[in-house]
Amino acid sequence: MMGLTFINAVVFGVQGNTIRLLQNDTPLNQFLAGSAAGAIQCVICCPMELAKTRMQLQGTGEYKSKSKTYKNSLDCLIKIHQKEGLRGINRGMVATFFRETPSFGFYFLTYDYLTRYLGCEPDDSYVIPKLLLAGGTSGIVSWLSTYPMDVVKSRLQADGIGGVNQYSGILDCVRKSYEVEGWRVFSRGLTSTLLRAFPVNAATFATVTLFLMYMRAGETMNECETGPVIQQPSGL
């Protein structure tokens with residue numbers, strides 16, 4: 001909850017400004033702008049997911065103990081920093097970067113394509129269902145594109161909680177995970193992730209797009225009395 005507000009602000013802000021800098025709203029530029037947004041938001045995403053992973057594992061399974069180490073997410077990050085420094089706070093950063101950069105590229109590329117294909121125009125009576133479908137599908141495509149890296153990232157961030165580090169890096173984690181559990185390990189949890197991804201991203205994209213439509217409509221009405229409000233809702 002703490003991190004998502006800032007992540008969405010950074011992602012949509014960076015993507016929109018990158019598109020304006022690239023000037024041409026093409027599929028390639030949509031991918032590049034989305035990738036840039038994904039890369040930059042890693043600075044917030046990585047520590048946030050580290051705290052979430054540690055909090056979720058606390059008191060369960062092999063990490064079970066009588067007393068809880070962390071009171072909340074902020075306390076978790078503070079204690080990790082005290083024990084491991086900035087390196088500990090940014091555990092899994094490289095894996096997060098490899099996951100988020102292409103993932104957000106496909107995220108915005110898919111949304112741009114679907115909104116154009118579905119004809120999402122402000123005066124369309126079915127614009128909201130269309131935006132929800134485009135946003136939800138974009139979320140699914142985004143996760144499918146890099147999910148194995150998410151598994152590796154989560155394992156690296158959970159590593160060392162019991163006091164012993166099993167993995168020395170990304171490749172070592174991939175190798176050891178495969179040797180023990182086979183290729184199926186890299187799709188573990190995929191179904192629940194996709195079930196979450198559709199409604200979350202449907203709501204996110206639809207809300208952002210409708211808000212921008214509303215704001216741009218107000219600006220247009222102030223500048224002129226007639227004329228189209230917005231050509232493409234996907235030009236975030």
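For residue classes, I count Ala, Val, Leu, Ile, Met, Phe, Trp, Tyr, Cys and Pro as nonpolar, Asp, Glu, Lys and Arg as charged, and the others, Gly among them, as polar. So this is a predicted model, where local features need pLDDT of at least 70, side-chain atom pairs need 80 or more, and totals for chains, interfaces and linings use all residues. Numbering runs from 1 along each chain as its sequence is written, and side-chain values use heavy atoms, with hydrogens and water left out.

On those classes, the lining of the largest pocket has 24 nonpolar, 15 polar and 10 charged residues. Where does it sit? Domain 1 (1-57 + 69-90) and domain 2 (94-218) both contribute to the lining, so the pocket lies between them; those bounds come from an automatic or database domain assignment.

Now the helices, meaning DSSP runs of H or I, at least four residues, numbered from the N terminus. α6 and α7 (residues 170-181) pack at about 100°, axes 10 Å apart, with axes fitted to C-alpha atoms over the stretch in contact and angles running from 0 to 180 degrees between N-to-C directions. They're therefore roughly perpendicular, a label covering 65 to 115 degrees.

Definitions and conventions
Helices (H or I, at least four residues) and strands (E, at least two) are DSSP runs, numbered from the N terminus. Angles under 35 degrees count as roughly parallel, over 145 as roughly antiparallel, 65 to 115 as roughly perpendicular and the rest as oblique.
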